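I have opened my notebook to look through a structure, one feature at a time. Follow along with me and check each entry as we go.

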Amino acid sequence: MKSALGVLGLVAACALPLAASAQHLWPSHTVRIIATSPPGGSVDFLARALAEDFSKSFGGPFIVESRPGANGNIGVDLVVKAPADGHTLFVAPPGPFSINAQLMSFMPFNPAADIAPVAMLGVAPLLLVVHPSVPAKNLQELLAWMHGEGAQAHYASQAVASSGHLAMELLKSLAGVEAVHVPYKGSAAQATTDLLAGRVAMSFVNTSTTLQHVRDGRLRAIAVAELKRIDAAPEIPTLAESGLPGFEATPWLGLGARAGTSRELIYRLNDRASRALAHAEVARRMAHLGIEARPMMPDQFAAFVRAETGKWADIIRRSGAKVE
């Protein structure tokens with residue numbers, strides 16, 4: 001009996017280091033990082049920055065695959081149908097993490113059950129701007145104008161359920177005003193063109209693409225949709241300090257994996273992602289794209305995703321927005 005117990009003890013003792021070492025064999029083959037938006041944008045850039053750093057740090061091949069479509073669902077669906085072994089990851093904006101399930105009549109996966117949030121990669125602050133023809137220089141004047149104009153208060157967004165659309169719906173809800181939505185079916189460039197021409201009155205836009213228009217006098221900045229002022233334009237107040245306490249509507253980008261991926265591997269990826277974003281050249285390029293790094297531990301990021309899901313579910317329900 002003692003002999004048998006001794007053998008079992010030896011087997012158990014040997015199994016522990018083998019189980020632990022199995023984690024360190026990752027990656028055992030090529031890791032795919034799925035970029036859920038088209039090439040050339042911030043999602044693609046961050047996916048490639050991570051792939052380059054991970055290849056050097058983890059000692060294995062990492063490739064980026066561009067799989068845009070369905071507001072990120074197409075790419076993420078590939079990940080949640082792959083093995084939960086960390087060899088298929090994705091980079092995405094909020095859509096597949098926390099928004100699409102509130103909007104779409106059909107979802108190929110359950111975000112809460114099928115996605116493991118790995119790392120917050122950064123935020124892209126929004127700026128509320130108006131065409132100079134709008135007689136408002138601050139938030140209170142803009143809200144007064146919106147109360148008076150009603151159907152003439154048109155605002156542009158890149159698309160239904162885009163960050164600009166949801167930000168304005170949040171403002172409408174908190175301030176008790178109305179405005180007419182003009183979505184541009186995914187074309188941020190056309191939305192900006194019409195805003196500059198005065199065909200629409202206002203919009204929530206990415207700071208990196210708009211600050212120069214503000215400084216040239218072609219648009220007027222009202223406020224940023226962050227809780228704190230942004231480094232790129234510290235002179236512009238926040239909506240929170242302008243009369244809407246707690247207002248925050250910030251697009252963000254995250255790294256995700258399939259649910260069931262080992263906790264140890266998720267923490268290793270989170271740590272490495274934070275280090276990759278701190279590289280001088282990556283940080284410089286992020287600043288150019290209007291992205292601010294905002295690292296979070298995996299549990300913190302998962303809690304953030306849950307909070308965002310609840311927050312936008314309420315706004316989407318009130319707005320009646322749907323994507324078929």
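**Entry 1: the sheet.** Before I start on strands, I note that two strands pair if DSSP finds at least two bridges between them. I also remind myself that this is a predicted model. I looked up strand S1 (residues 31–35) and found that it pairs with strand S3 (residues 88–92) in the parallel sense, over four bridges. Within this pair, alanine 35 stands opposite valine 91 in S3.

Next I wanted the whole sheet. I found five strands in an open sheet, with the order S2-S1-S3-S10-S4 and mixed pairing. Which strands stand at the edges? They are S2 (62–66) and S4 (115–123); each has a single partner strand, so one side of each is left without a neighbour in the sheet. On average, neighbouring strands here are turned by 25 degrees against each other, direction ignored.

I then checked what lies across the sheet. Helix H3 (residues 73–80) lies across S1, S3, S4 and S10, and runs at about 155 degrees to S3.

**Entry 2: the cores.** The largest nonpolar core has 53 residues. Among those with the most contacts inside it are Leu142, Met202, Phe204 and Phe247. I picked phenylalanine 204 and listed its contacts, leaving aside neighbours within four places in sequence. The list includes Leu126, Leu127, Leu128, Gly164, Met168, Leu239 and Phe247. Apart from this core lies another, of 34 residues, with Ala257, Leu277, Val282 and Met286 among them.

Entry 3: Which residues of H10 are buried? I noted Leu265, Ile266, Leu269, Asn270, Arg272, Ala273, Ala276 and Leu277.

**Entry 4: salt bridges.** My reminder for this page is that side chains of opposite charge can pair when their charged atoms come close. A search of the whole structure finds 18 salt bridges, and I looked at some of them.

- Arginine 48 forms a salt bridge with aspartate 44, with the closest N and O atoms 3.0 Å apart. The two are four residues apart in helix H2 (residues 42–58), so about one helical turn separates them. Arginine 48 is partly exposed, at a relative accessible area of 41%, whereas aspartate 44 is buried, at 8%.
- Glutamate 226 forms a salt bridge with arginine 294, and their closest N and O atoms are 2.7 Å apart. This pair links distant parts of the chain, 68 residues apart: glutamate 226 is in the loop between strands S9 and S10, and arginine 294 is in the loop between helices H11 and H12. Buried or exposed? Glutamate 226 counts as buried, because its relative accessibility is 1%. Arginine 294 counts as partly exposed, at 23%.
- Aspartate 299 forms a salt bridge with arginine 263, with 2.8 Å between the closest N and O atoms. Here helix H12 holds aspartate 299 and helix H10 holds arginine 263, 36 residues apart. Aspartate 299 is partly exposed at 41% relative accessibility, and arginine 263 is exposed at 52%.

Last, I noted that Arg32, Glu65 and Arg67 are linked in a network of salt bridges.

Technical notes. Residues numbered from 1 in each chain as written. Predicted model: local features only at pLDDT ≥ 70, side-chain atom pairs only at ≥ 80, totals over all residues. Heavy atoms only, no water. Core = buried A, V, L, I, M, F, W, Y, C linked by side-chain atoms within 4.5 Å. Buried < 20%, exposed > 50% of the residue type's maximum accessible area, 1.4 Å probe, protein only. Contact = heavy atoms within 4.5 Å. Salt bridge = Lys/Arg side-chain N within 4 Å of Asp/Glu carboxyl O. Axes fitted to C-alpha atoms, helices over the stretch in contact; angles between N-to-C directions.
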